[in-house]
Amino acid sequence: MLFNRAHGWPSNTFVVVALSTALLLGGCGGGDDSETTNTTTAPSLKGALNASMQTVPLISHTLTRQDGSAIQNAAIAYGLQKSGVAGFNVAAIGAAIATTDSSGVATVAVPADSYTRQIGNTPSDAVVGEHSPVSYATTVNGNGEKIYHADKYTFDVTSNVSLDSVTLEIYQTDAAGKINRGTGDYVVQPMGGTIAPDVRAPLVFTKTRLPGAAQSTSIDAELFEGTYRVALRATATNASTRIATYISPVITVTGQGAIVPTPVTLTAESGNELTVILNDHDAAPLEGRNISFRDRSTRILLDNKITNANGVASVMVGTNLSNVIAEVSDAANTGTVAVYQFNNISTTSTTVLLRKRTITGRIAPVAGAALDNSAAIVGASLNTGLGVSYDRDNLAGAVLTSADGSGTYSIDLFGAPGAGLSYKLRAANVTDMPDVTALQVTVADSDLTEQNITVAPGGLILGKITDEDGSDLAGVTVAVYRIEADGKPIPFSEVTTDSNGEYTAKVAYGKYLLLVNGAVSDGIVISSADTTFIKNIKRYHLSGRITKNQEGTAFSATSATVYAGTQSAVTDGNGVYSLTMMEGKNWICARPSTNDVSFGYTCKLNILVNDASVAATRQQ
């Protein structure tokens, strides 16, 4: 399927996108690493550095259009998730990737396991429309073949009024029609050395037609087997005429080369009109703000609207929809600052006034503690109850404001009549105090006063980072993750070592882990009884050799890529490589050269790197 350039994904980033942000299936095992599916049986450092890649099953894929012609330059990627990785629990591994040839054929070699297979082709391919990758759960037990033959869906759109534009979007779903947008939890990407939220993009097709004052148009979409939902938005030639956004039931594509006519009838002024009015705190209308209206059950975009000179934006939605979310962007349209939920829609017109309200209070220390607020700020994050995609990672950055030296602060947030809108306020940059989320507020019809944020006491995580020869390492980033009550880590802060290799991180009471160049240091607890945790970290210079094993005979794995934390290296003609690794729990993965088509990747997780393991590795 063709990449959608609107996502900003160039074709050479397919491995990262497909195998780290769009995985739909978790699995265990892979390579010769079955022992790493739990944290109690970590592999040895020596064994991880000197790994062997095995011959594995070959899976052939043939991709053709509806008319039977080959789809060239299509990317076939296999990824999986392993549980039990130190600190982050889940590792997203890119097992293999291949590109279809002139016959539309691509072959990958992957160990027996459960995978997510993704298919996507480059923008230069002439498939009608614009496609992003589609994903499938698959289990590999042995050699096999998979044929993907597209069906052509012809969406014949008619209306009782002239149309100016028609936009068709197709989302991949499960059999029940649910769209998977990911958990948002932070996962390890061993073959890139990064930590990223599990976020997925189910939109696989988008196309706009400009019928030019016609009452009908047609859009073709070639789709592989699977289940999908269609969203269709249209604007009428007459700007005052409104047409409801159409969302289809689940469409099941069999992938047999069929041509499937799919009529869609649009009716002007049909549906429910939802209106949002935005006012500033002084009741002045807010013009030019983007509001995204989404169906709550699927999160499918119904439409983006810009508020007019009166601060008004509205959308027509189908009568089959009962719950819609309105996302309000900040002035720069770079982030969501408010979310309003239209629940139980049953009338033809529903209007809500969202007005900025002023929240004031003090940043106050616990009793008896000193406090310097000269550099303090207060930030508001959303508290919608809709999940981490809105609440955990979506800080309403447009509403940051400074506190004065007395500890008072003032911040403007959108309020809504009735039940109001919910936020969490966070005090940050408070001298000698940690950054904490401390106060939940509900903003309704009026300003709020005396919303005092009590900054709790905390402690310090500090230490020194050195090379194994004892020299100081300056400029090393130490990422601090806080372990929440559910055991999931979230980013807390980042600090950098100074010219002496030393770092200090202020933290609230709680459990933490550090991530330094891909190495995890965990088991860190700050409490009233232990307010300081010292963690010194050493960097080691290591080497290893990757071999490939065929029928009991080991050969050098030339030009294999080895990944270790944030480092990577390519093996020489003898399969030998060198890289550096930080002290802590690490992961080492190796992917074969594209010339070694019958060998699979190998990946070791939770490898303890310290003086003892390094010494054991260097023993002859």
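Visitor: What am I looking at, and how are residues numbered?
Guide: This is a predicted model, where local features need pLDDT of at least 70 and side-chain atom pairs count only at pLDDT 80 or more, while totals for chains, interfaces and linings use all residues. Residues are numbered from 1 along each chain as its sequence is written, and side-chain values use heavy atoms, with hydrogens and water left out.

Visitor: OK. How many helices and strands are there?
Guide: The protein chain has three helices and 46 strands. Both are DSSP runs, numbered from the N terminus: helices are H or I with at least four residues, strands are E with at least two.

Visitor: And how much of the chain is buried?
Guide: Of the 620 residues, 52% are buried. Buried means under 20% relative accessible area, exposed means over 50%, and partly exposed is in between, with a 1.4 Å probe and protein chains only.

Visitor: What about the accessible surface?
Guide: That comes to about 25000 Å², and carbon and sulfur atoms account for 48% of it. The areas come from the Shrake-Rupley method with a 1.4 Å probe; for residues, only the protein chains shown count as cover.

Visitor: What share of the contacts join residues at least 24 apart?
Guide: Counting contacts between residues at least 6 apart in sequence, 71% join residues at least 24 apart. A contact here is heavy atoms within 4.5 Å.

Visitor: Let's do sheets. What's the order of the strands in the one with β20?
Guide: That open sheet has four strands, in the order β21-β20-β23-β24, with antiparallel pairing. Its edge strands, pairing on one side only, are β21 (301–306) and β24 (336–342). From one strand to the next, the twist averages 20°; axes are lines fitted to C-alpha atoms, for helices over the stretch in contact, and angles run from 0 to 180 degrees between N-to-C directions.

Visitor: How many bridges join β20 to β23?
Guide: Five bridges join β20 (residues 290–295) to β23 (residues 324–329), and Asp-295 stands opposite Val-324 there. Two strands pair if DSSP finds at least two bridges between them.

Visitor: And the sheet with β1, what's its pairing?
Guide: Mixed: it is an open sheet of three strands in the order β1-β40-β41. The twist averages 35° from one strand to the next. Within it, β40 (residues 547–550) and β41 pair in the antiparallel sense over four bridges, with Asn-549 opposite Ala-554.

Visitor: Switching to β42. Which strands is β42 joined to?
Guide: β42 (residues 561–564) runs antiparallel to β43 (residues 567–570), with four bridges between them. β42 also has four bridges to β45 (residues 584–591), again antiparallel. Thr-561 has Arg-591 in β45 as its bridge partner, while Ala-564 stands opposite Gln-567 in β43.

Visitor: What's in the turn between β42 and β43?
Guide: The two strands form a hairpin with two residues between them, and Gly-565 in the turn has a positive phi of about 60°.

Visitor: Is Leu-579 buried or exposed?
Guide: Buried, with a relative accessible area of 8%. Leu-579 is found in β44 (residues 576–582). Leaving aside neighbours within four places in sequence, the contacts of Leu-579 include Val-562, Ala-564, Gln-567 and Ala-569. Tyr-540 is another contact of Leu-579; the C-alpha atoms of these two are 8.5 Å apart, though 39 residues separate them along the chain.

Visitor: How many disulfides are there?
Guide: One turns up in a search of the whole structure. Cys-589 and Cys-603 form it, with their sulfur atoms 1.9 Å apart; the cut-off for a disulfide is a pair of cysteine sulfur atoms within 2.5 Å. Cys-589 is in β45 and Cys-603 in β46 (residues 602–609), 14 residues apart. Both cysteines are buried.

Visitor: Last topic: how many aromatic pairs?
Guide: Eight. One of them is Tyr-78 with Tyr-115, edge-to-face at 5.6 Å centre to centre and 70° between the planes. Rings of Phe, Tyr and Trp (its six-membered ring) pair if their centres lie within 6.5 Å; planes under 30 degrees apart count as stacked, over 60 as edge-to-face and the rest as tilted.
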